[in-house]
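Hello,

Here is the structure I promised to pass on. Please open it first, then read the notes below.

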Amino acid sequence: MGSDQLGLQYAALCCATLMIGWLLHWVYRWVNPPCSVGMLPPGSMGFPVVGETFQLFKASPSIDIPSYYRDRLKRYGPVFKTNLVGQPLVVSLDPEFNRFIFQQEGKLFRSWYPETANNIFGKKSITTYSGTVHKFMRSFSSKLFGAESLKEVLIGELEDAMRQGFASWAARPSIEVKDSVADMIFDLVAKKMVSIEPVESRELRKNFEDFFQGMLCFPIYFPGTSFYKCMKGRKNVHKKLTGLLQDRLRTPGKKHGDLLDLLVEELGSEKPVIDEAFAIDALAALLFTSFATISATLTIGLKLLTDNLKVVETLKEEHEEILKQRGDKNSGFTWDEYKSLAFTTQVMNEINRMSNIAPGIFRKTLKDVQVNGYTIPAGWLVMISPMAVHLNPTLFEDPLKFNPWRWMTHDETKRSTQQRNFMPFGGGIRLCLGAEFGKLFISLFLHVLVTKYRWKEIKGGQVLRVAEMIIPQGYHIQLVPTTE
């Protein structure tokens, strides 16, 4: 064997050794992420690249806490580290730490989402902005979703749209609840936001259908994958919204009386706080969130009510009493009536507690954070799990039982514990922009339902728990007007 050949073999052996060494070092660093001060919370980072993504997103046919959370809670405690889609993450099932995170918004934490969600909703999504832009977006959104708009304008329009929708449903043999409610909400919100009619809005909504699936999968952009379908839908949504925005920018003086007018006005100002890319991302995010969570929540709510006739009867009594108290029998549902609904509020709380539609609440650490003797390094993601808190038997007695009366307990300690740990709309300065809209919509929906209709389950469908979210599918009911 010649010296040249020996030299080549030696070089190849050295390269292979270096490569193996580098891989071993990389795997070691993956399993043991650096922490400059103190110790990381206990937990596992999972497999290289994918982390524990597949374990977290494993679907379960139960509304109970998934085994992923239960197993880690038992093994590591209520705060543990993991890795989601390649990003180091700390999961908090600890109510006290959750409240601390909300209180420290802008100091130790800032709003953030995993890269997958940012790819879907855009790098310029409202969740990634703070300060002036955040204030602008809250002011902008309040023109539709704020209490004043709901009280003065939207409550009447909501009731009209809802009564028309119910009448349409009653004329059919059956309806699929989630899609039907989504159409009802989206038709109204799309008209108020960008002035498009139902034919266009429903075509637009079809493109949002794969968004949830895109958020609950590994981001592989290849034809046939859920993420690919999701990003294709995103492209279609952006194309439609960009076309609408460009048309408005060409004729800025022409007003349509919708929220898009306000974005055009801001973009045309001397020193706009947003740009066109942000405007499109914000519109897409608001349109999606306006219907996605409420439609799923109401579907779960109807399933729960169907199995609890005593709750339905008590609801009916409360809403029929409202009708009796009206001086004008032809008057519509009022803001004062909405605010007077004590038992309905308890029912909404219980539906929201058990449904947990949101995909977790994410924050990013701005500096090293100490928790329970451990350190979460600056730049790490933290995920708050409302679901694990809402279904915790030490905080909510018999948590899988649908019991609206739990919210009227006279036990001061129990009431305080429930209220402090109830977070269906987040908390702190990042409280969900559409929280009041969602509560009003559900209240009005229940008002029309129990005073004018009865329903029968035609097809039970299925309910899947995927990580934080409950996804109801294929639930059909038949709606029948009651005799006057």
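Leaving aside its neighbours within four places in sequence, which residues is Asn98 in contact with? They are Ser92, Ile384, Val389 and Met423. Keep in mind that this is a predicted model.

Some more on Asn98. Its place is in helix 4, which covers residues 95–103. Asn98 has a relative accessible area of 0%, so it is buried. Its side chain also makes a polar contact with the side chain of Ser92, at 2.6 Å.

Next, the aromatic residues. The whole structure holds 25 aromatic pairs. Take Phe97 and Phe109: their ring centres are 6.4 Å apart and their planes stand at 70 degrees, so this pair is edge-to-face. Phe97 is in helix 4 and Phe109 is in strand 4 (residues 109–111), 12 residues apart. Both Phe97 and Phe109 are buried.

Then look at Phe186 and Phe291. Their ring centres are 5.3 Å apart, with the planes at 80 degrees, so this pair is edge-to-face too. Phe186 lies in helix 8 (residues 177–194) and Phe291 in helix 13 (residues 276–306), so the pair ties together parts 105 residues apart in sequence. Phe186 is buried, at 1% relative accessible area. Phe291 counts as buried as well, at 5%.

There is also an aromatic cluster. Its members are Phe145, Phe166, Trp169, Phe437, Phe441, Phe445 and Tyr453.

Last, two lysines over rings. The charged end of Lys310 sits over the ring of Trp405, 5.1 Å from the ring centre. The charged end of Lys364 sits over the ring of Trp112, 4.2 Å from its centre.

Best wishes

Conventions:
Residues are numbered from 1 along each chain as its sequence is written. Side-chain values use heavy atoms; hydrogens and water are left out. Helices (H or I, at least four residues) and strands (E, at least two) are DSSP runs, numbered from the N terminus. Buried means under 20% relative accessible area, exposed over 50%, partly exposed in between (1.4 Å probe, protein chains only). A polar contact is a pair of N or O atoms within 3.5 Å; within protein, one must be able to donate a hydrogen and the other to accept it, and residues adjacent in sequence count only if both atoms are side-chain atoms. Contact means heavy atoms within 4.5 Å. Rings of Phe, Tyr and Trp (its six-membered ring) pair if their centres lie within 6.5 Å; planes under 30 degrees apart count as stacked, over 60 as edge-to-face and the rest as tilted. A charge sits over a ring if NZ of Lys or CZ of Arg is within 6 Å of the ring centre and within 35 degrees of the ring normal.
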